[in-house]
Amino acid sequence: MNVKTSHIAKGRSDEADRLTEATGVLAQLNRDCGGSIGSTIAIPGLLSLVEKARSYGLKLARQFEAIDGENRITAWAEITPVDGGKGGCEITIASWQAEQLPPENDIDAERRRIEVNRHLAECTARLDANQSILSVETEAPDLEEFRSRSLAAVGQSWTSLVDMPTKDYEQPLHWRLLDGVECTIPGSKRQWTAHLEPLGKGEPGSAGFVLYLAASTPLSERSGDLQADTPSLGKDLTPVLRQPINRIIANAETIRTKLAGPLAEEYSQYAADIASAGQHLLALVDDLSDLEIVESDDFVTAPDRIDLADVARRACGILGVRAQERGITLVPPVEGESQLAIAEFRRVLQILLNLVGNAIRYSPEDSQVWLRLDQIGSRALITVADQGHGLEEDQQARVFEKFERLGRSGDGGSGLGLYISRRIARAMDGDLTVESAPGLGARFTLSVPAAEDLRSERRDGPGSTVPDADS
């Protein structure tokens, strides 16, 4: 750490807060923050002091902080207005302390990179440890052919369904060689970039991969990628809206995490606000899309034989990082615990993500959120319980109403999540209910038809099998 106490640099700004003169470390820091002589002061903390001194015509002596890319700078500045501020300000740097920033944790850096890839992706696929396709999800109209071919090719390598330069090499390639590769996809006119997120503890990819496909350009009506008429938010507008919002979030995250280069801490916070606002807007678009779908006369689900314990553990895995950031512990059903049901896997996961997400949002730090299984007669139950503030009796009666947020504001919620979740539950011949008391948290319970355990009633001989939870 290097500390100096003498007047070590001087500068001058004009009536528009442009830096007209600067010496020594002041000039260097301004350049490191992206500024130059003749342009607005690029050091946010110093600019704020200069603006105040000029506006009020008063001399200020304050400390400010900045980041030059490698160091956190703490300096003392004396700002003296010239001609009451009409002639700008004289700037004197009286002390200067530079402390080296700690190296970024590799795990955190990789997590941020994956988060950016996730937001840019217009197609997500789940792969096994051999990079073979297990499932595919996309809303991009020009990937409908790819989606159909992929679902028909479950168990085959994803690389066989796209065109890429690596096809001339021996297959399958190591996943690290495919991470970031550019490819073309039959049925789409756009160029695509593939990113692979390895899953599993110990050896990366031992539990499979998540494949993210991101396009180099968004869809446009002018290029003929979209239909001319777009009457439906859920079917037509949602994928179009998701693309620019996801790009805004991804670019803001890139700026916030300084993946594109050094940045002053204040600007990093601005980027974080942009990313957060984008997340809220994206959630609203998704909720409005789901609202249109679940309220349509032809809305039906696709019930199958699933394990509620497996769905619960997956929901906790997806939201684990968010819970950790808030100091909340998620307690899913233990490995080996099972509760078979007849319901649509994707829709049950959607409901649990909403319930667990709400519990994380409204629970206090250092608390727990439990997911518990049960069966009553022919109904299979899963309950999400938290240690939050709980709900009054009148609030419990209103919590499932459309756009109901129980007086909460500024949390980014649309007030549609529980309404949509109950509609989905009832479409699966189930229900979603709540039990709560002020100060004792809330218990949301999803009930669906139970399924018999075929393992106890096998009659097809030794070759029979029990279907997988998400088959």
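This is a predicted model: local features need pLDDT of at least 70, side-chain atom pairs count only at pLDDT 80 or more; totals for chains, interfaces and linings use all residues.

Start by selecting Asp14, Glu15 and Arg18: these three are linked in a network of salt bridges. A salt bridge here means a side-chain nitrogen of Lys or Arg within 4 Å of a carboxyl oxygen of Asp or Glu.

How many salt bridges does a search of the whole structure find? The count is 13, and we'll visit some of them.

**Next stop: aspartate 17 and arginine 54**

Aspartate 17 is in the loop between β2 (9–13) and β3 (19–22), and arginine 54 is in helix α2 (residues 44–56), so the pair ties together parts that are 37 residues apart in sequence. (Helices are DSSP runs of H or I with at least four residues, strands are runs of E with at least two, and both are numbered from the N terminus.)

Is aspartate 17 buried or exposed? Aspartate 17 is buried, at a relative accessible area of 5%, whereas arginine 54 counts as partly exposed at 22%. The cut-offs, with a 1.4 Å probe and protein chains only: buried is under 20% relative accessible area, exposed is over 50%, and partly exposed is in between.

**Then: arginine 313 and glutamate 335**

Here the closest N and O atoms of the salt bridge are 3.6 Å apart. The two partners come from distant parts of the chain, 22 residues apart: arginine 313 belongs to helix α8 (residues 308–325), and glutamate 335 to the loop between β13 (329–331) and β14 (340–343). Arginine 313 is buried at 18%, but glutamate 335 is exposed at 67%.

**Another pair: glutamate 344 and arginine 346**

Their side chains meet in a salt bridge at 3.7 Å, N to O. Glutamate 344 is buried, with 12% relative accessible area, and arginine 346 is partly exposed at 44%.

**Last stop: colour by confidence**

The pLDDT, the predictor's confidence in each residue from 0 to 100, averages 80 over the chain, and 76% of the residues score at least 70. Select residues 1–5, where the pLDDT is below 50, and then residues 455–471, where the pLDDT is also below 50.

Key:
Residues are numbered from 1 along each chain as its sequence is written. Side-chain values use heavy atoms; hydrogens and water are left out. Contact means heavy atoms within 4.5 Å.
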